[in-house]
Amino acid sequence: MASIISTLTLSNALLILLLSCCAANAQLSANFYANSCPNLQTIVRNAMTQAVNRETRMGASILRLFFHDCFVNGCDASILLDDTATFTGEKNAAPNRNSVRGFDVIDTIKSNVEAACNATVSCADILALAARDGVVLLGGPTWQVPLGRRDARTASQSAANSQIPSPASNLATLISSFSSKGLSARDLTALSGGHTIGQARCTTFRARIYNDTNIDPNFAATRRANCPASGGDNNLAPLDIQTPARFDNNYYRNLVAQRGLLHSDQELFNGGSQDALVQTYSNNANTFSSDFAAAMVRMGNISPLTGSSGEIRRNCRVVN
């Protein structure tokens, strides 16, 4: 009898541990606003459709905004907070300054959502939905977005400076960075496929096109034409030279051909542990799409504020 009781006690303890481990994610639910804001997803999709129709690049910009938010203290909309005389946010951290964009689009969506469901939906959830919709609108996969995040009252410029991966990172650094957020090397390689859309500034790829040797020479010459060895820092180039406005698997085909724009891109196919997966994605768009969607959900689950933590901001740029 004693052994049965001890076994039951152990089982209960393991169950409690399992439940506590999953509590944060369990509090996020795709149906979180089903009653309190039933038209939320339609409102977000309509605004994102207008934004992407005005400027195709915006789909990529919102996706990047979400990534840079989640990698700094979790998906808590801290990146949306403006600097003030008494508050230092993340917008002027080195990886974000003159680089992240799309804040006006999030403001518009928030305004539309507030008109329908006052003080109900967090900026963090709006950003998560907008990132998904931007991908879908450019031909990419869809996924159910778990909801119920709350907004941070704080931000960390120092964490943004240290925790967002650099375009100069090597593979080991990238794997370590993603691992610190609970994401696998496979997640890293799948999420990097977000670079199938969007543009990068000359300053982020200059060293690659002038110094790296694992680069197609014709590709390097093409990129140098608009990215001089000095000056022109803000000149843009597509991250995917083939279909920069369509979400597909050409990013990986570029890597196999040594046409990755960023040093960190080409690190995924450079004789290392991710070569085989890059080859798989380059040959199988469906595998990439399903892995990308699953990895986006996992990234969106990084340290959300739930329950009574944080707040529901009325204006995404300032705490209440």
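Visitor: What makes A77 count as buried?

Guide: Its relative accessibility is 0%. Buried means under 20% relative accessible area, exposed means over 50%, and partly exposed is in between (1.4 Å probe, protein chains only). So A77, at 0%, counts as buried. Before we go on, this is a predicted model, where local features need pLDDT of at least 70 and side-chain atom pairs count only at pLDDT 80 or more, while totals for chains, interfaces and linings use all residues. Residues are numbered from 1 along each chain as its sequence is written, and side-chain values use heavy atoms, with hydrogens and water left out.

Visitor: Where is A77, then?

Guide: Look in the loop between α3 (58-70) and α4. Those labels follow the N terminus onwards: helices (H or I, at least four residues) and strands (E, at least two) are DSSP runs. A77 also has a phi near 60 degrees, a positive value in a residue other than glycine.

Visitor: Which value makes S303 partly exposed?

Guide: S303 has 49% relative accessibility, so it counts as partly exposed. S303 sits in the segment after α14, and its phi is positive too, about 40 degrees, although S303 is not a glycine.

Visitor: And why is T42 called partly exposed?

Guide: T42 has a relative accessible area of 48%, so partly exposed is its label. You'll find T42 in helix α2 (residues 40-54). T42 and L305 are 263 residues apart in sequence, and their C-alpha atoms are 24 Å apart in space.

Visitor: How do you know whether D248 is buried or exposed?

Guide: D248 has 16% relative accessibility, so it counts as buried. D248 lies in the loop between β2 (236-238) and α11 (250-256). Not counting residues up to four places away in sequence, D248 touches T196, D240, T243 and F288; contact here means heavy atoms within 4.5 Å. The C-alpha atoms of D248 and G59 are separated by 13 Å, though these residues are 189 apart along the chain.

Visitor: What makes α13 roughly perpendicular to α14?

Guide: Helix α13 (residues 275-283) and helix α14 (residues 285-300) pack at an angle of about 115 degrees, with axes 5 Å apart. Angles under 35 degrees count as roughly parallel, over 145 as roughly antiparallel, 65 to 115 as roughly perpendicular, and the rest as oblique. That makes α13 roughly perpendicular to α14. Axes are lines fitted to C-alpha atoms, for helices over the stretch in contact, and angles run from 0 to 180 degrees between N-to-C directions.

Visitor: Which residues make that contact?

Guide: T280, Y281 and N283 come from α13, and A285, T287, F288 and D291 from α14. By class, the contact has three nonpolar, three polar and one charged residues.

Visitor: How do α4 and α5 meet?

Guide: In α4, I106, I109, K110 and V113 meet C123, I126, L127 and A130 of α5. These residues divide into seven nonpolar, no polar and one charged.

Visitor: What makes a group of residues a nonpolar core?

Guide: A nonpolar core is a set of buried Ala, Val, Leu, Ile, Met, Phe, Trp, Tyr and Cys residues joined through side-chain atoms within 4.5 Å. The largest one here has 68 residues, and I62 and M299 have the most contacts inside it. Its largest share, nine residues, comes from α5. A second, separate core has twelve residues, including A200, C202, C227 and A237.

Technical notes:
Ala, Val, Leu, Ile, Met, Phe, Trp, Tyr, Cys and Pro count as nonpolar, Asp, Glu, Lys and Arg as charged, and the others, Gly among them, as polar.
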